[in-house]
Amino acid sequence: MKLPAIPQLPIVPTERSAWIAAAAAPVALLVAATAPGSWIIAPAALLAFLLVALLDGLIAGRLASWQLLAPADAEVGEPTPITLVADLGGRMAGSVDGAVEFDPRLGDGGRASIALTPHDGVYRGIHLARPTRRGTATISRVWLRWNGPLGLAARQVTYEVDRSVRIWPDLSPVRSKDLQTYLRDAQFGLIARRIRGEGTQFEALSEYEPGMDRRRIDWKASARHTRLYARENESERNNQIVFAFDCGQAMCEPVDGLPRIDRAVSAALTCAYVALKGGDRVSLFGFAQRPEVSTPFIGDSRAFHRLQSAAAGLDYHSTESNFTLALATLTAKLQRRSLIVLFSDFTDPTAAEIMVESVGRLVDKHLVLFVTIADSEIEEATSQAPSDLAVMARSVTAETLGKQRAIVLQRLRRLGVDVIEAPWEQIGYQLIDRYFAIKRSEAIG
């Protein structure tokens, strides 16, 4: 994005000039005290210094043009380059510095300083922003300041801009080489052969051989051919999988710099991509005090971008979620048995009780998988040595919260809910493993 230069501000002294003037003041006083007749030396030196500074500012020249380069799209948590390019008309400056003001969604407190260095006749500098939340962030203002060769004077320009950067969910796990290799093997290699024979969907008949499961023998076909034949089945396809996201206060708390909801979205989209490749149908459902995002079921991996766009629309809320309304709405939407993957978290025992009751109503008709991110702060506080009363109090409180958390998860398991509790780096892979285990067991259909 090339922007025209605006009228230059007057030449201004730099910090170096201020320090030189401050150091020269005692010398001028000393000369005035020891040699009163030489008082003219001080103002003459000051005038000479001002002329040198003015000349240094003139040599710095004017800004011919400049550019702001920023991507139109970024992913939460991933480095996003913001580049400033300044053309001083071929003049060499002492130093060129820039600053950018942007939406706090891009991180770094909403402002970043950039040091520009010479490159192919212009000055260029890059800042790697790391978005902390999904949504649309704007870059609103840019500053450029360049010094003269001596560093005594500088010029500065300010420009108001309106540049938008759309921040999407993190899809780096989907693009990873490990996952792509895994999917290729699952579709064409050894994993596909292991799945074959474990499902309930008929694939073919083959002659029975010693060692095969006798329950697979097709007695009617064997009677027709006067020899034993066994059924070869494969895992069922076209299963319905719903990824449900709690967007309330608990899920907006940060874990290692990013909100839990963003960690959950990344893991869910990775598993959704795997499910689409496996022939199943996927839907997203997001809620807080009321349902907010609900997509139709998608069965084609080429429409994965629709899931990505819907996940980008999941907002952040500072209020408690209404599980009763949300899960009742989800139940009414589903017309057949489905796998519901619920991403949530809890800190308040009362809210956890309501959540358990609401989830319990889903188990009668659907298969429910509850996914929560392990609280590293609780684990860290519990493992600390009690060096003083404050540390001991935090440790006791953390241990109490940990026990309450374990009780809630155990209650969910007793209701028949499958539970995944793991650090955020592992929930994506554990979710994929659990999905394949459920798919092989034919528990959805």
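D120 is exposed, with a relative accessible area of 72%, in a predicted model. D120 sits in the loop between β7 (111-119) and β8 (122-129). Its phi is near 55°, a positive value in a residue other than glycine.

- The position of D256 is the loop between β14 (254-255) and β15 (258-259).
- With a relative accessible area of 54%, D256 is exposed, since the cut-off for that class is over 50%.

**Chain totals**

- The chain has 13 helices and 20 strands.
- Of its 445 residues, 44% count as buried.
- Among contacts in the chain with a separation of 6 or more, 73% are between residues 24 or more positions apart.

- β18 and β19 run parallel and are joined by 5 bridges; the bridge partner of L342 in β19 is F370.
- β19 (residues 367-373) and β20 also run parallel, and 5 bridges join them; here V371 has I420 of β20 as its bridge partner.

**Burial of β19**

- How many of the residues of β19 are buried? The count is 7 of its 7 residues, and the strand is mostly covered.
- Both faces are covered: one side carries L367, L369, V371 and I373, the other V368, F370 and T372, and all of these are buried.
- L367, located in strand β19, has 15% relative accessibility and therefore counts as buried, the limit being under 20%.
- L367 and L339 are 28 residues apart in sequence, while their C-alpha atoms are 4.8 Å apart in space.
- Apart from neighbours within four places in sequence, L367 is in contact with R337, S338, L339, I340, I438, A443 and I444.

- R260 belongs to helix α7. Its relative accessibility is 6%, so R260 counts as buried.
- Between R260 and S344 there are 8.8 Å in space, C-alpha to C-alpha, and the two are 84 residues apart in sequence.
- Leaving aside neighbours within four places in sequence, the contacts of R260 are A250, M251, E253, V255, D345, I373, A374 and D375. One of them, I373, is among the buried residues of β19.

**α7 against α13**

- The axes of α7 and helix α13 (residues 424-441) come within 9 Å and cross at roughly 30°. The two helices are therefore roughly parallel to each other, a term that applies to angles under 35 degrees.
- The crossing of α7 past α13 is right-handed.
- On the α7 side, the contact is made by R263, A267, A268, T270, C271, V274 and A275; on the α13 side, by W424, I427, G428, L431, I432, Y435 and F436.
- Sorted by class, this contact has 11 nonpolar, 2 polar and 1 charged residues.

**α7 against α8**

- The axes of α7 and helix α8 (residues 304-312) come within 11 Å, crossing at roughly 165°. That angle makes α7 roughly antiparallel to α8, because the term covers angles over 145 degrees.
- α7 passes α8, too, in a right-handed crossing.
- Which residues of α7 and α8 meet? V265, L269, A272, Y273 and L276 in α7 meet F304, L307, Q308 and A311 in α8.
- By class, the contact of α7 with α8 has 8 nonpolar, 1 polar and no charged residues.

Conventions: Residues numbered from 1 in each chain as written. Predicted model: local features only at pLDDT ≥ 70, side-chain atom pairs only at ≥ 80, totals over all residues. Heavy atoms only, no water. Pairing = 2+ DSSP bridges. Helix = DSSP H or I, 4+ residues; strand = E, 2+ residues; numbered from the N terminus. Axes fitted to C-alpha atoms, helices over the stretch in contact; angles between N-to-C directions. Parallel < 35°, antiparallel > 145°, perpendicular 65-115°, else oblique. Left-handed = near helix turned anticlockwise from the far one by under 90°. Contact = heavy atoms within 4.5 Å. Nonpolar A, V, L, I, M, F, W, Y, C, P; charged D, E, K, R; others polar. Buried < 20%, exposed > 50% of the residue type's maximum accessible area, 1.4 Å probe, protein only.
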